[in-house]
Amino acid sequence: MLTPHENPLDRAVALIRNAGHVIAFTGAGISVESGIPAFRGEEGLWKRYDPRCLEIDYFHSHAGEAWRVIREIFYDFFTGAKPNAAHRALADLEAHGRLRAVITQNIDNLHQEAGSRVVHEFHGNSQVLLCLRCGQRVPARAVDLTQLPPLCSCGGMYKPDFVFFGEMIPEKARAASFLEAERADVLLLVGTTGEVMPANLVPESAKRHGAAVIEINTAPSLHTPRVTDIYLEGKATEVMQALRDAVLAQK
Ligand code: APR
């Protein structure tokens with residue numbers, strides 16, 4: 001894709017400016033600079049916590065233990081996290097008509113808080129708890145998490161309304177994500193290892209339907225050799241700001 005002298009960033013900017021339908025697909029790496037640790041890698045959460053706590057069967061059989069891990073990761077860590085310059089750069093590109101949608105694997109709500117309007121949450125959102133008995137959904141901030149597992153007024157147990165390993169992807173988000181992937185002519189792939197199914201099929205689908213893939217990451221991912229056309233190594237805040245500035249600078 002690159003002629004020897006072309007700067008990858010300039011090539012990426014040209015692709016975005018000439019595109020008709022740009023989308024972004026993001027993972028935990030875009031929120032690392034907001035203080036939320038990624039799941040994998042040297043400092044990854046799965047080095048410190050047992051990922052079984054996010055498996056739906058284990059959650060049902062070890063609710064108290066699973067909830068203690070879930071509270072620490074998704075309610076203690078997440079609370080207070082703010083969008084960073086990478087989230088804001090995507091929101092700016094959307095506001096200027098240069099980005100149609102964000103598809104995110106993240107459940108931290110930071111894209112919405114940064115101002116992105118079209119956000120498809122492939123793994124749901126940690127802001128809501130669901131009662132497993134009566135089906136009531138309540139804001140997580142309205143529930144006292146000092147007593148675990150938290151119980152609904154009906155006596156049923158609350159589960160965070162995000163996708164656990166072994167659960168189905170919410171149909172609305174799944175369908176919208178693959179529809180966007182089929183329409184995209186450029187996909188910005190930001191901060192994901194590409195290790196988790198079926199989310200990792202979204203960039204593959206975009207590529208199969210003709211999209212050019214621009215990957216932003218601090219290290220190569222499983223996607224890099226398979227779908228990436230332009231690999232921009234670096235922190236999401238730095239690369240996304242440079243991309244946003246260059247794309248929006250030219251009239
Ligand atoms: N800027 C850009 N990329 C970064 C940064 C950064 N500052 N820091 C880390 N990364 C990259 C890492 O190189 C890695 O590729 O972010 C990625 C983080 O990978 P994971 O922790 O595996 O996150 P993700 O790919 O989103 O995981 C997918 O796994 O545990 C489940 O449901 C959870 O949605 C999550 C899914």
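Start with helix 7, residues 201–208; its buried residues are Val202, Pro203, Glu204, Ser205 and Ala206. Buried means under 20% relative accessible area, with a 1.4 Å probe and protein chains only. Helices here are DSSP runs of H or I, at least four residues, and strands are E runs of at least two, numbered from the N terminus.

This is a predicted model: local features need pLDDT of at least 70, side-chain atom pairs count only at pLDDT 80 or more, and totals for chains, interfaces and linings use all residues. Residues are numbered from 1 along each chain as its sequence is written, and side-chain values use heavy atoms, leaving out hydrogens and water.

What do the buried residues of helix 7 pack against? Strand 1 (22–26), strand 2 (101–104), helix 6 (171–183), strand 7 (186–190) and helix 8 (224–227). Contact means heavy atoms within 4.5 Å. Just after helix 7, Gly210 takes a positive phi of about 100°.

Next, the cores. A nonpolar core is a set of buried Ala, Val, Leu, Ile, Met, Phe, Trp, Tyr and Cys residues joined through side-chain atoms within 4.5 Å. The largest has 32 residues; Phe59, Ile70, Phe74, Tyr75, Leu129 and Phe162 touch the most other members. Helix 3 gives the most, 8 residues. A second, separate core of 27 residues includes Ile16, Val190, Ile214 and Ile230.

A backbone N or O atom of Ala28 lies 2.8 Å from a ligand oxygen atom. A polar side-chain atom of Glu33 sits 3.0 Å from a ligand nitrogen atom. Taken alone, the ligand exposes 730 Å², and the protein buries 91% of that. Those areas come from the Shrake-Rupley method with a 1.4 Å probe.

Technical notes
Buried means under 20% relative accessible area, exposed over 50%, partly exposed in between (1.4 Å probe, protein chains only). A polar contact is a pair of N or O atoms within 3.5 Å; within protein, one must be able to donate a hydrogen and the other to accept it, and residues adjacent in sequence count only if both atoms are side-chain atoms.
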